[in-house]
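Keep the 3D view open and find each piece as we get to it.

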Amino acid sequence: MYIEKKGLDFDEHPDKDLRKLTVPEAMRETLDRALDMDKRVFVMGQGVDDHSGMFGMTIGLQKKYGIKRVFDTPLSENGLTGIGVGAALTGMRPIYFHNRPDFLLLAMDQIVNHAAKYSYIFAGKVKVPLIIVAVIGRGWGSGAQHSQSLHGLFMHVPGLRLVMPSTAYDAKGLLVTSLADGNPVIFIEHRWLFKHKSHVPEDLYSIPFGRGLIRRKGKDVTIVGISYMVIEALAAAEDLEKEGYGAEVIDPRTLRPLDEEIILESVKKTGRLVIADTDWKTCGAASEIASMVAQKGFRYLKAPIRIVAWPDLPVPSGHILEEAFYPGKDDIIKSVKEIVER
Amino acid sequence: MKNIPKKRLLELYITMRRIRLTQLEIEKEYSADEMKTPIHLCLGQEAIASGVCANLRKDDYVFSNHRGHGHYIAKGGDLKSMIAELYCKKTGCSASRGGSMHLIDLSVGCMGSSSIVAGSIPIATGAALTSAMTKDKRVSVVFFGDAASEEGVLFESMNFAALKKLPVVYVCENNFYSVCSHQSARQANCDISMRPKAFAIPSCRVDGSDVLDVYAASKKAIESARAGSGPSFLECRAYRWRAHAGAGDPHKETYRKPKEWDAWMRNDPFKKFEDILLKKKIMTPGKMKEICAAVDKEISEAFEFAKRSPLPDKADLEKYLHG
């Protein structure tokens, strides 16, 4: 599957008459099916039952499945995460929604000390099939405490799955896989991807964890884009092509597990790597990918690896400073030109 | 006491004896340095786990904390795999990945324990949510210490349990110390039993050194949870006889008052109950001898099993990461 266009309303299959959905529509459809098919599934989170329904992901579900299976929660992130762990341990399949990853910091004890560890420390006698969904809230003054991505923190922790879809197709397929998996899943979405549409088949399908995707082929440089940065990477690749640079864009889709092979194979071909992330660089996913390639694919590299990520600063609120803060297409192009000789 | 059948009274005695003697044996063997795991002995607190668990069904859930040996034993957890876990053996209940602070036996509803203070409280509440959703009539009990009442997650959990009327019983074992810090140095109001009242959760203070008091109070709480009336809270006061961790209490004079110590030492929950049973002729000296022999045998068999069990394979290090 290739994304053929980009922009705020980009359409993956512009010339084909296929059913297309936004990410929230695809999520809602999948949750609807899961609630219908599996009595163990329930959905909770502050506002899952209100008019906006988690950006539309949970709209109408309480009406259809009742307040016992789709319910609003107190703002007790650590408590409710632990409650999700306890429900999961005893056979349920909870899905816990958050408006922002920032709020997950209040739940780190239950996520890191408990959910991620219970299978291991109890020798596989219990499992924690808990899905935690959060949406990165970039823009419109969201600022330091409502714009963070924080996936680097979760990528650090063994025992967690870390999913970051960039299309509606992937959101559905990865949610299906998350529901079938027996492990805690951190499912991080990006608000700026929510207007994009892509083809989503009506039937259920699953996308395996740890399988990335080449979204655009190219021979000169590999660009790994994470979450929304896939879109910026594709835009950069299009511009670069006009100047004669062939950029290959890879979307890992899940960061834990990470599809190392698809990245290494691409770097083997191009010899150059740029990683674009929606998070800080220091100890982040981009640095981890760079480290992995340096350790396992050093012999393929013809130039230093470049990382396009956030500066080591809190996210500013005002739009002018936001513009200065967020890297994008132009930064990716600049990085590519630094390492590809013409 | 009149209302409790003789059989049940003897069961309570056996459980208390099992906990007491297992703790003493662990303490005795600990200096041999074969149990390479921190131990948090529950000597002095045996009546709480024994009294509560006697009211539970086999399929009810118990969630525990770092000082969890008594909870595991009282709920019927397998003694051999517990001791093997302490000896870091492959046959341990957590296959040497958990240690003394992470005991589990799903076959009797021992759902594991957390060594993060208050960590098990929301998890037990979540298990009770499952019971409420599936109407399986199970009750979840969570044991925690006085310091857990200083953690926010207790309040988050109590609020949710009260809101959804969940079948969970919160059992606070107030032993007055968190490591060496006395409760009075940590809490503005030392009446822990008043905290649940903010959520309209029925709550009472119980003499945690009196197994019959614990039995009666927990019976009411568990029956209420099973009937669908929601959560309850028990503050059971008892004394931690040993240091926070390890054998003995070598620095006790640096943080405990001798008067306090002496008073509690004269109030041995196990001996107290034993004396009552003998005095009221509920247990004959012959029966007691028989029980002692059976418990001793069980404990020595568990230690033998643990000692002769194989160590885990280093090649299996990565096993069980994912569920």
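Let's start with chain A: the centres of its domain 1 and domain 2, taken over C-alpha atoms, are 26 Å apart. Domain 1 of chain A covers 20–199, and domain 2 of chain A covers 213–339. Keep in mind that this is a predicted model.

**How the two domains of chain A meet**

- Domain 1 of chain A puts 25 residues into the contact, and domain 2 of chain A puts in 23 residues.
- On the domain 1 side, helix 6, strand 6 (161–163), helix 7 (168–180) and strand 7 (185–190) of chain A each bring at least two residues.
- What kinds of residues make up the side of domain 1 of chain A that touches domain 2 of chain A? They split into 13 nonpolar, 10 polar and 2 charged.

**The nonpolar core**

- In soluble globular proteins, nonpolar side chains tend to be buried together.
- Here, the largest nonpolar core has 192 residues. Among those with the most contacts inside this core are A:Ile132, A:Ile223 and B:Val142.
- Helix 8 (residues 229–242) of chain A gives the most to this core, with 9 residues.
- Why does this core lie between domain 1 and domain 2 of chain A? Because both domains give residues to it.
- Zoom in on A:Ile132: leaving aside neighbours within four places in sequence, A:Ile132 is in contact with A:Tyr96, A:Leu104, A:Val185, A:Ile186 and A:Phe187.

**A sheet in chain A**

- Look for an open sheet of 5 strands in chain A, in the order 9-11-10-13-14, with mixed pairing.
- Strand 9 (213–216) and strand 14 (306–310) of chain A are its edge strands, each pairing on one side only.
- From one strand to the next, the twist averages 25 degrees.
- Inside this sheet order, strand 10 (residues 221–225) and strand 13 (residues 273–280) of chain A pair in the parallel sense over 4 bridges. A:Ile223 stands opposite A:Val274 in strand 13 of chain A.
- Helix 9 of chain A packs on the sheet, where it touches strand 9, strand 10, strand 11 (247–251) and strand 13 of chain A. The direction of helix 9 makes about 155 degrees with that of strand 10 of chain A.
- Helix 12 (residues 329–339) of chain A packs on the sheet too, touching strand 10, strand 11, strand 13 and strand 14 of chain A. The direction of helix 12 makes about 160 degrees with that of strand 14 of chain A.

**Strand 1 of chain B**

- Is strand 1 (residues 61–64) of chain B covered or uncovered on its faces? Both faces are covered: B:Tyr61 and B:Phe63 are buried on one side, and B:Val62 and B:Ser64 are buried on the other.
- Strand 1 of chain B runs parallel to strand 3 (residues 140–145) of chain B, and 3 bridges join them. There, B:Phe63 has B:Val142 as its bridge partner.
- Strand 1 of chain B also pairs with strand 2 of chain B, in the parallel sense over 2 bridges. In strand 2 of chain B, the bridge partner of B:Val62 is B:Cys110.

**Where chain A meets chain B**

- The contact takes 35 residues from chain A and 30 residues from chain B.
- On the chain B side, strand 2 (110–113), helix 5 (120–134) and helix 6 (152–164) each supply at least two residues.
- Which element of chain B gives the largest share of the side that touches chain A? That's helix 5 of chain B, with 9 residues.
- The residues on this side of chain B divide into 15 nonpolar, 13 polar and 2 charged.

- Most residues other than glycine have a negative phi, and most peptide bonds are trans.
- A:Trp140 isn't a glycine, but has a positive phi of about 50 degrees. A:Trp140 sits in the loop between strand 5 (131–136) and helix 6 (151–155) of chain A, and counts as exposed because it has 12 C-beta neighbours inside 10 Å.
- B:Ala118 isn't a glycine either, and has a positive phi of about 80 degrees. B:Ala118 is in the loop between strand 2 and helix 5 of chain B, and is buried, with 26 other C-beta atoms within 10 Å.
- A cis peptide bond joins A:Arg256 and A:Pro257, with omega about 5 degrees. A:Pro257 lies in the loop between strand 12 (254–256) and helix 9 (260–270) of chain A.

Conventions: Residues are numbered from 1 along each chain as its sequence is written. Chains are lettered from A and ligands numbered from 1 in the order in which they are written. This is a predicted model: local features need pLDDT of at least 70, side-chain atom pairs count only at pLDDT 80 or more; totals for chains, interfaces and linings use all residues. Two residues are in contact if their C-beta atoms, placed from the backbone, lie within 7 Å. Ala, Val, Leu, Ile, Met, Phe, Trp, Tyr, Cys and Pro count as nonpolar, Asp, Glu, Lys and Arg as charged, and the others, Gly among them, as polar. A residue is buried if 20 or more other C-beta atoms lie within 10 Å of its own, exposed if 12 or fewer, and partly exposed in between; C-beta atoms are placed from the backbone. A nonpolar core is a set of buried Ala, Val, Leu, Ile, Met, Phe, Trp, Tyr and Cys residues joined through C-beta atoms within 7 Å. Domain bounds come from an automatic or database domain assignment. Two strands pair if DSSP finds at least two bridges between them. Axes are lines fitted to C-alpha atoms, for helices over the stretch in contact, and angles run from 0 to 180 degrees between N-to-C directions.
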